[in-house]
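Student: I am new to this structure and would like a close look at a single part. Please take the metal site, and then go on to what surrounds it in the chain.

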Amino acid sequence: MHRGLKFFSERFFSGVLTYIAIACAAAALAQEPPRPATVTSEELKPGVHVLYGSGGGQAAGNVLVLFGDDGALVVDTGYPQYVPKYRDEVARLGGGAITHAINTHWHDDHSEGNKVLGPDGTLIIAHSNARTMLMRDNKINVVRTILEQPKFPPPALPVITFDDRIDVYFGEERLELMHVSPAHTASDVVVILRGSNVAHTGDVFLSSSYPFADVDNGGDFDGVIEFCRGILERIDRDTVIVPGHGRKATYADLESYIDMLVTVRGRTAALIADGATLAQVVAAEPTKEWDARYGNPTTFFLDRAYKSLRGSLSE
Ligand SMILES: [Zn+2]
């Protein structure tokens, strides 16, 4: 979700500024159309690539692709406008049709490509809560705005769901799909390729931004820490990690992310225990030493952390 939101808010504010500039100049210039969707790829292991999607008016989550004998499996499906680009890139890399897809969670930057893939016969797998959420109209409170995600049509829904864990066998690979706890959403899944030693974490872990806990839809700040620890226990120092957004990462990156979250959690919880308001938490700068690495903590991170922690501490 993160990158997409950041992109949206930046785009919104830059759009406003552009509008004002144009109005001041009294020039009736049309606003620039969004750049076309583009997809680039990076090989992680033989037959395993990550597809990075950008442009297209909406920033897609990272897509992991794995080649089998008779087709390709993707982890996450981006937005519909990216799907033709994913297919082109998979073909260019020597893979076949996308026969299987896994959604790491229900947010549309990771799942809306289902609307193209599902009707074309791709088998879609997700957590049971993801299917439930995709079957209804949702609102996502990203703090500076509310995003609306209408329900998906039936052919775009996952057809295999699970609650805790499931193994998927594809080509030579065993994929372990695991849900640890409510975290970014109540439907997060980490996908670990046991043979290739690659893991896609969805938005529970982001390599260059603070996490977003979708608190109004069952996400949980402490759950993000618990989920990240659960991933760490199931991988090793050689695992290549694909985060929901941002460049590929390492075990050490995830480890330091958890350390950051634990420290911020401790500081924020102590402030809440002293009766601090959100504004006082923000003023105390509990994330200060990490802002250069993860960006602006006031966009949504501290707001959602405050709401989640205040809720759990008062229970
Ligand atoms: Zn998300």
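Tutor: What follows starts with the metal site and then turns to the salt bridges and a sheet. This is a predicted model, in which local features need pLDDT of at least 70 and side-chain atom pairs count only at pLDDT 80 or more, while totals for chains, interfaces and linings use all residues. Residues are numbered from 1 along each chain as its sequence is written, and side-chain values use heavy atoms, with hydrogens and water left out.

The zinc ion has as its protein donors His 105 (NE2), His 107 (ND1), His 184 (NE2) and Asp 203 (OD), at 2.1 to 2.4 Å. Donors here are N, O and S atoms within 2.8 Å of the metal (3.2 Å for Na, K and Ca), and since water is not among the atoms, sites may look incomplete. Along the chain the donors follow the spacing H-x1-H-x76-H-x18-D. His 105 sits in the loop between β5 (98-102) and α3 (108-111), and His 184 in the loop between β11 (173-178) and β12 (190-193), so this pair ties together parts 79 residues apart in sequence. Helices (H or I, at least four residues) and strands (E, at least two) are DSSP runs, numbered from the N terminus.

The arrangement around the zinc ion is irregular because the four donor atoms subtend angles of 83 to 168°. Four donors count as tetrahedral if all angles lie between 85 and 135 degrees; four count as square planar and six as octahedral if opposite donors are over 155 degrees apart and all others between 65 and 115; anything else is irregular. His 105 is buried, at 0% relative accessibility, and His 184 is also buried, at 0%. Buried means under 20% relative accessible area, exposed over 50%, and partly exposed in between (1.4 Å probe, protein chains only).

Next come the salt bridges. The count is 19, where a salt bridge is a side-chain nitrogen of Lys or Arg within 4 Å of a carboxyl oxygen of Asp or Glu. One of them joins Arg 247 to Glu 42, with the closest N and O atoms 3.6 Å apart. This pair links distant parts of the chain, 205 residues apart: Arg 247 is in the loop between β14 (240-242) and α7 (251-273), and Glu 42 is in strand β1 (residues 38-45). Arg 247 is exposed, with a relative accessible area of 51%.

Another salt bridge joins Arg 237 and Glu 255, whose closest N and O atoms are 3.1 Å apart. Arg 237 lies in the loop between α6 (221-234) and β14, and Glu 255 in helix α7, so parts 18 residues apart in sequence are tied together. Arg 237 is exposed at 56% relative accessibility, whereas Glu 255 is partly exposed at 27%.

Strand β1 also belongs to an open sheet of seven strands, in the order β1-β2-β3-β4-β5-β6-β9, with mixed pairing. Its edge strands are β1 and β9 (160-162), each pairing on one side only. Two strands pair if DSSP finds at least two bridges between them. Strand β2 (residues 48-54) and strand β3 (residues 63-67) run antiparallel and are joined by four bridges; Leu 51 has Val 63 in β3 as its bridge partner.
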